[in-house]
Amino acid sequence: MNIDRNTIVGTALMIFLVLGYVWFQTPSAAERKEQARLDSLEQVQMQQAAAQASEQIARDNQAAAAADTGQVSTAAPVNTDQYGIFGTSVQGEEKEIIVETDVMTVRFSTRGGLVKGVTLKDHVDYTDSTQIELWDEEWSKMFVLLNIAGKGAFATDHFIFTPGAEKVDATGQPAQLTMTLRTSDPSKYLQFVYGFT
């Protein structure tokens, strides 16, 4: 490889351009410090506002429920201290939701809102003639990790989801199942939508 004067000059100019760009675009220490201070203040204010709003909504919902029944609510308190706006979905009964397709049966759990098991319909194990389990909760556990502001990270299996249906028939037709994680704010929720074709 021949290195001539033009190559050396071109390489040196490119290096100076990159260094100049980095030098002029890097914020000063004072600018970085001020931005970090503003960011931390904004984050604290957002966390405080979210906590106050979720607590107020939870109190309003409990009061409305008690007023509707004409009684004082004796249900367990909403656990917003630990789970934030998802505290209303911590307690409840776990149910199994079944989806039937042409080739398989899929079982979902309302605890976590995810697949609990998958069984093939037309295939059997050659050793004992039982239907083949493609996936079973005993062999592997599945969850989604939710990072709740100011509260920490929680797996979805801490929460009870509301299913769109108790049983879904997707044999010969497309169908879908929705699993919704409700919050203390009715306009905010997490929803898993499963489609079967």
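## A nonpolar surface patch

A patch is made of residues with over 30% relative accessible area and no salt bridge, and nonpolar side chains are joined within 5 Å. In this predicted model, I15, F16 and L19 form such a nonpolar patch on the surface, with about 340 Å² of accessible area together.

L19 belongs to helix α1, which spans residues 5-25. Exposed residues have over 50% relative accessible area, so L19, at 52%, counts as exposed.

Side chains of opposite charge can pair when their charged atoms come close. The count of salt bridges comes to seven.

One of them joins R37 and E34, whose closest N and O atoms are 2.7 Å apart. Both residues lie in helix α2 (residues 29-69), three residues apart, or about one turn of the helix. R37 is partly exposed at 41% relative accessibility, and E34 is also partly exposed, at 36%.

## Salt bridges between strands

E96 forms a salt bridge with R107, with 4.0 Å between the closest N and O atoms. Because E96 lies in strand β1 (residues 96-101) and R107 in strand β2 (residues 104-109), the pair ties together parts that are 11 residues apart in sequence. E96 is partly exposed at 37% relative accessibility, whereas R107 is buried at 14%. Both E96 and R107 belong to a network of salt bridges that also links E94, K116 and E133.

A further salt bridge connects E100 with K121, the closest N and O atoms being 2.9 Å apart. E100 lies in strand β1 and K121 in strand β3 (residues 115-124), so this pair ties together parts that are 21 residues apart in sequence. E100 is buried, with a relative accessible area of 19%, while K121 is partly exposed at 24% relative accessibility.

Technical notes:
Residues numbered from 1 in each chain as written. Predicted model: local features only at pLDDT ≥ 70, side-chain atom pairs only at ≥ 80, totals over all residues. Heavy atoms only, no water. Patch = residues over 30% accessible without salt bridge, like charges linked within 9 Å, V, L, I, M, F, W, Y side chains within 5 Å. Areas by Shrake-Rupley, 256 points an atom, 1.4 Å probe, with all protein chains shown as cover. Salt bridge = Lys/Arg side-chain N within 4 Å of Asp/Glu carboxyl O. Helix = DSSP H or I, 4+ residues; strand = E, 2+ residues; numbered from the N terminus. Buried < 20%, exposed > 50% of the residue type's maximum accessible area, 1.4 Å probe, protein only.
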